[in-house]
Amino acid sequence: LENRKKSTGKRLGGAAACVQRLFDVPMEGVSSLSTVELIGDREAVISGCLGILAYGENEILLRMKHGRLLVTGRDLLMESLTGGRITISGQITAVHTDGGSESC
Amino acid sequence: MLRGLLGFLLGSRGVSVSAADGAAAMEVLRRCGFPQWGMRRGSDGRIAFLLGRKNAVRYAEDCAAAGVEVRLERERGLPAWLMRYRRRWGLLFGAVLFALIVWQSGRIVWSVDVSGNVRYSDDAITEMLREYGFGVGSVFTHTDFDRLQNAFLLQAKDIAWIAVNMQGTVAHVEVLEKRPGGEGQSGESAANVIAAEDGQIVEVRVRGGRADVSVNDVVRRGDLLISGVIRVGEDGVRYEYAAGQVLAQVMREIDVRVPLVQERKVYTEEELCEKTVIFFGKQVKLFTKSGIVGSSYGKIEGRTYDSSVQTRQWVLPGGISLPVWIRTETFRPYVWETAEQSEEQAYAQALRLYREKMEQLLSEAEILSLETSVEREDGEVRIFSRAVCLSDIARTSEISLTESAAP
């Protein structure tokens, strides 16, 4: 079971948006926005992280290129930090961004 | 898994931070970009993970600069283990010795498996191979198998073909023996059939060549029965490999004599045995039955004895043969004593010997008539039989074509 959801930042840049609309290519291919990949409710792979603001068992707050990202759940653990890519494991219940929220 | 293995080989160090400093510590880790693995949270909430040896020290310095307290565990993995035991030369020596034994054991023959032989025994073939330096315990990586096989074929006249193949450390030896008389039947040589003993011909069955005798002829030992030299025309000669059966009436005698007073072998002491371990073809004498290390030859020197040898190979459960044999040589000293026996006992012994000889006779001939006499004369019991038998007296005698063809 793989439920992949992607959340982009607030806006696309003008040129990148034009290219994306014109050629109908995937958004991450033409933009430098952060991405969040959810694998079920067990793992989240986040790229474009610029800082770790809070790290607890029930919530992890990250600073992203276009705001902040809050992951909530139980037994959360940062499995790996490689460059700007962070893997969070545990029982993930919700992912919130500054502009809005997506829950799972 | 792979990262863990690399961590073990390159060495790693455990790092832990308190839950309160978790975010700051992770932020430092993210900025450093050091590869980490084994991330976990302890029961007290501390976050622990593994870093490379040098990275852990640098990470601790960076954390200290950022005001984050980290706890460094001791080094783990292969480099740390080697450093810990670097002065234990015995361990190093043992490891090197182990590696050498493993390396060497893969280069030597552990077992020889012989197949395809009928007349030659396995031991005879392995013994012949050993004469050329190949056998259990020899280094096969230095063996020139072509040369070995050729040399073997030159020595063993009755072997037509041999192949020695290594499968791991087991040598599979396949042989093909020559058929009896097969060489002659190929047309490369010729042969006559001559009489093996005196007799009167009853039947001649020719398979090759031309019969030189007829039924009722009386022949002497060595007489020509079937000729392989066939005359063609007045001056021509053709050579054949004569073969066939020539049944003849022959005379056979069985004479058994058992004296009433006999020399008898009496074993004097308990038997002595000497054990030898044969390991990869090298013999190591172990101990005697008395438990005294050394040879038991000295104890029976100057006396007559019977000896027997028994060799047993060690086999693991599952039928895997090890290149280890236990060779037990048993010595039984004896003296000769004069013993007198009754006439009945002597007769019984003579009868037993007579039956054995009769069985042997019956295995090679058919008895047509038999005269037997039993008598006691000069202190002995004698059983004498004269039999007229029907027997095949044909014996092949090869002809050298070069000599026969000479004028």
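Two strands count as paired if DSSP finds at least two bridges between them, and the strands and helices themselves are DSSP runs, numbered from the N terminus, with at least two residues (E) for a strand and at least four (H or I) for a helix. The exercises below use a predicted model, in which local features need pLDDT of at least 70 and side-chain atom pairs count only at pLDDT 80 or more, while totals for chains, interfaces and linings use all residues. Residues are numbered from 1 along each chain as its sequence is written, chains are lettered from A and ligands numbered from 1 in the order in which they are written, and side-chain values use heavy atoms, with hydrogens and water left out.

**Exercise 1. Describe the four-strand open sheet of chain B and the helix that packs on it.**

Step 1. The strands of this open sheet follow the order β2-β3-β1-β4 in chain B, and their pairing is antiparallel.

Step 2. At the edges stand β2 (36-41) and β4 (70-76) of chain B, each of which pairs on one side only. Direction ignored, neighbouring strands are turned by 20° against each other on average.

Step 3. Four bridges connect β2(B) with β3 (residues 47-52) of chain B in the antiparallel sense, and B:Gln36 has B:Leu51 in β3(B) as its bridge partner.

Step 4. Helix α3 (residues 53-65) of chain B packs on this sheet and touches β1 (12-17), β3 and β4 of chain B, its direction making about 125° with that of β3(B). Touching, or contact, means heavy atoms within 4.5 Å, and such angles run from 0 to 180 degrees between N-to-C directions of axes fitted to C-alpha atoms, for helices over the stretch in contact.

**Exercise 2. Explain why β5 and β6 of chain B each have one side without a neighbour in their sheet.**

Step 1. The open sheet concerned has three strands in the order β5-β7-β6 (chain B), with mixed pairing.

Step 2. Because β5 (111-115) and β6 (159-167) of chain B stand at the edges, each with a single partner strand, one side of each is left without a neighbour in the sheet.

Step 3. Eight bridges join β6(B) to β7 (residues 170-177) of chain B, and these two strands run antiparallel. Within β7(B), B:His172 stands opposite B:Asn165, and B:Val175 is the bridge partner of B:Ile162.

Step 4. The hairpin of β6(B) and β7(B) has two residues between the strands, and B:Gly168 takes a positive phi near 70° there.

**Exercise 3. Characterise the interface of chain A and chain B.**

Step 1. On the side of chain A 17 residues are in contact with 13 residues of chain B.

Step 2. The two chains bury about 1,200 Å² between them, 56% of it on carbon and sulfur atoms; buried area is the accessible area (1.4 Å probe) that two parts lose on being put together, summed over both. In chain A, the residues that lose the most area to chain B are A:Ile52, A:Tyr55 and A:Leu81, together 47% of what that side buries.

**Exercise 4. Locate the two partners of the salt bridge between B:Glu364 and B:Arg252.**

Step 1. The closest N and O atoms of B:Glu364 and B:Arg252 are 3.5 Å apart.

Step 2. B:Glu364 belongs to helix α9 (residues 343-364) and B:Arg252 to strand β15 (residues 243-259) of chain B, so placed that the pair links distant parts of the chain, 112 residues apart.

Conventions
Salt bridge = Lys/Arg side-chain N within 4 Å of Asp/Glu carboxyl O.
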